[in-house]
Amino acid sequence: MSDAERLAEIRADCRRLSADIVKVYAEIGAMAATAESCTGGLIAGAITDISGSSSVFDRGFVTYSNEAKQDILGVRPETLATFGAVSAQIATEMVLGARRRSRAGFAVSVTGVAGPGGGSVEKPVGLVWMGLSGPGDLTSAVELRWDPAWSRDMIRAATVRAALEALLGRATMM
């Protein structure tokens, strides 16, 4: 399968997952929010591409810079200084900030290195941390590792798909 075919397949998955989120969240009366860094709003965009999403999607926060993470989501400067922007701790603080600053019962956050530059030995291209939070303050952070040879578009699309899968999976546990 070519990269273009793989990317088209991932994007089709995202459309299907977004439609499922709108359906399931409407059925359970839930709202979602996103806090995005490396995806730059693509998760929110995927959900809001679906008709009816206004009843289940509260808001999306695009916090690309460290300052935005602090100002908009309440990420603590000491957490950034200690762990860096691409970390489980920042993904957790981002997702909790999204929950606190929205009406959403569910939220997802992503922070990572989409490439092609910007990676390091400790934090290579393709490393993404995803935070997930749902009712009862159940919050987790998951490390995603995408192929560093993938294009920026592929890494971002795969991250969007993983975030949508997480949002859908968390809601279906209710």
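This is a predicted model: local features need pLDDT of at least 70, side-chain atom pairs count only at pLDDT 80 or more; totals for chains, interfaces and linings use all residues.

Me: In what order do the elements of the chain run from the N terminus on?
Reply: The chain contains six helices and five strands. Helix H1 covers residues 3-28, and strand S1 covers residues 32-36. Read from the N terminus, the order is α-β-α-β-α-α-α-β-β-β-α.

Me: Why does the radius of gyration agree with a compact globule?
Reply: The C-alpha trace spans about 45 × 45 × 25 Å along its principal axes. A compact globule of 174 residues would have a radius of gyration near 16 Å, so the chain agrees with its value of 15 Å.

Me: Which helix makes a β-α-β unit with S1 and S2, and is the unit right-handed or left-handed?
Reply: S1 and S2 are parallel strands. The helix in the unit with them is H2 (residues 42-48), and the β-α-β unit is right-handed.

Me: In which sense do S3 and S4 pair, and which residue is the bridge partner of Ala107?
Reply: S3 covers residues 106-112, and S4 covers residues 127-134. Six bridges pair these strands in the antiparallel sense. The partner of Ala107 lies in S4 and is Ser133.

Me: Where does Pro116 lie, and is the peptide bond from Gly115 to Pro116 cis or trans?
Reply: Pro116 belongs to the loop between S3 and S4. For the bond from Gly115 to Pro116, omega is near 5°, and the bond is cis.

Me: What is the volume of the largest pocket, and which elements give two or more residues to its lining?
Reply: The largest pocket has a volume of about 270 Å³. Of its 13 lining residues, the closest to the centre are Arg11, Cys14, Leu42, Ala46 and Val160. The lining comprises six nonpolar, two polar and five charged residues. The elements that give two or more residues to this lining are H1, H2 and H6 (152-172).

Me: Which residues of the second largest pocket are the closest to its centre?
Reply: The second largest pocket has a volume of about 150 Å³. Helix H3 (66-73) and strand S3 each supply at least two residues of its lining. That lining divides into six nonpolar, six polar and two charged residues. Of the 14 lining residues, the closest to the centre are Ser37, Cys38, Tyr64, Val86 and Gly112.

Technical notes
Residues are numbered from 1 along each chain as its sequence is written. Side-chain values use heavy atoms; hydrogens and water are left out. Two strands pair if DSSP finds at least two bridges between them. Helices (H or I, at least four residues) and strands (E, at least two) are DSSP runs, numbered from the N terminus. A crossover is right-handed if, with the strands pointing away from the viewer, the path from the first strand over the helix to the second runs clockwise. On a 1 Å grid over the protein atoms alone, a cavity is a set of points where a 1.4 Å probe fits but cannot get out, and a pocket is an open set with protein on both sides within 12 Å along at least five of seven lines; lining residues have an atom within 4 Å of a point. Grid points are joined across faces, edges and corners, and a volume is the space filled by probe spheres set on the points. Ala, Val, Leu, Ile, Met, Phe, Trp, Tyr, Cys and Pro count as nonpolar, Asp, Glu, Lys and Arg as charged, and the others, Gly among them, as polar. The radius of gyration is taken over C-alpha atoms; the globule rule is 2.2 Å times the number of residues to the power 0.38.
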